[in-house]
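Colleague: I have a chain open here and would like a quick walk through it. Can you take a few questions?

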Amino acid sequence: DFNMKFQDPLHLLLKICNTLLSKKHAGLLGERGWIDAAYLRALAASRELKEAKLREAQLDPTSDRQNMQGGRQATHPEVLEKLWKNAESRPTALLLEIGHLMDAAFTDEALMLKQRIENLSYAVWLSRVWKLWISKCSEETLNKAFLTRNVELCIEIDFHSFIALIRFLREKVPHLEFKP
């Protein structure tokens, strides 16, 4: 008997984006500082994005909390690249990168199985190291400075369920060529 659970990756991405948009500071990340939606809003207002269609209206915390297009635009590779270039916005980039990795692992048709596993593994280890740093090296509480418990568990469950699915298919259906 095989039983596994998955959190819809787009829903998980929206949870991450909503956490970022609903707080002044969505979390603390190392010595680099607080995760803050202000960096994302400034980027959207600058109109310097070429490929990403990120708009200020998509970042309004009172707007549609199920804005799938806004979530995908907030984690567009071009947005992430610009956030990574600014030392102050790197913690924000890391949070959004976790969302992007999780979403892409399940929905990007161009990714091969190995890259999907790497994406999920990277997201899991980033969240684990982040949580460990806050617990051991910060005076802030996990409730204030880390992902919600729901998001943390969804990241873990999706990764482990994906690995379990691969093992199940390889064991039970060996003649089937596995194409994610």
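Modeller: Let me begin with Lys-5, which is exposed, at a relative accessible area of 53%. Bear in mind that this is a predicted model.

Colleague: Where does Lys-5 sit?

Modeller: Lys-5 is in the segment that comes before H1.

Colleague: And which residues does Lys-5 contact, leaving aside its neighbours within four places in sequence?

Modeller: Those are Ile-157 and Ser-161. As for His-160, its C-alpha is 9.3 Å from that of Lys-5, while 155 residues separate the two in sequence.

Colleague: What share of the contacts in the protein with a separation of 6 or more comes from residues 24 or more positions apart?

Modeller: That share is 61%.

Colleague: Step back a bit. What does the secondary structure come to?

Modeller: Eight helices and two strands. Starting at the N terminus, the order is α-β-β-α-α-α-α-α-α-α.

Colleague: How much of the protein counts as buried?

Modeller: 46% of the 180 residues.

Colleague: Now the helix packing. At what angle do H1 and H5 pack?

Modeller: About 170°, and the axes of H1 (residues 9-22) and H5 (residues 90-107) are 8 Å apart. An angle over 145 degrees counts as roughly antiparallel, so H1 and H5 are roughly antiparallel to each other.

Colleague: Which residues make the contact?

Modeller: On H1 they include Leu-13, Ile-16 and Leu-20, and on H5 they include Leu-95, Ile-98 and Phe-106. Sorted by class, the H1 contact with H5 has twelve nonpolar, four polar and one charged residues.

Colleague: Is H5 mostly covered or mostly open?

Modeller: Mostly covered, with 14 of the 18 residues of H5 buried. From first C-alpha to last, H5 reaches 25 Å, close to the expected 26 Å.

Colleague: What about the core? How many residues are in the largest nonpolar one?

Modeller: There are 45, and Leu-40, Leu-54, Val-79, Trp-130 and Ile-155 have the most contacts inside it. The elements giving two or more residues to this core are H1, H2 (37-46), H4 (77-85), H5, H6 (113-137) and H8 (149-172). In soluble globular proteins, nonpolar side chains tend to be buried together.

Colleague: One last topic, backbone angles. What is the phi of Arg-47?

Modeller: Positive, at about 60°, although Arg-47 is not a glycine. Most residues other than glycine have a negative phi.

Colleague: Where is Arg-47, then?

Modeller: Arg-47 lies in the loop between H2 and H3 (68-74). Arg-47 has a relative accessible area of 54%, so it is exposed.

Methods:
Residues are numbered from 1 along each chain as its sequence is written. This is a predicted model: local features need pLDDT of at least 70, side-chain atom pairs count only at pLDDT 80 or more; totals for chains, interfaces and linings use all residues. Side-chain values use heavy atoms; hydrogens and water are left out. Axes are lines fitted to C-alpha atoms, for helices over the stretch in contact, and angles run from 0 to 180 degrees between N-to-C directions. Helices (H or I, at least four residues) and strands (E, at least two) are DSSP runs, numbered from the N terminus. Angles under 35 degrees count as roughly parallel, over 145 as roughly antiparallel, 65 to 115 as roughly perpendicular and the rest as oblique. Contact means heavy atoms within 4.5 Å. Ala, Val, Leu, Ile, Met, Phe, Trp, Tyr, Cys and Pro count as nonpolar, Asp, Glu, Lys and Arg as charged, and the others, Gly among them, as polar. A nonpolar core is a set of buried Ala, Val, Leu, Ile, Met, Phe, Trp, Tyr and Cys residues joined through side-chain atoms within 4.5 Å. Buried means under 20% relative accessible area, exposed over 50%, partly exposed in between (1.4 Å probe, protein chains only). The expected span of a helix is 1.5 Å times one less than its number of residues.
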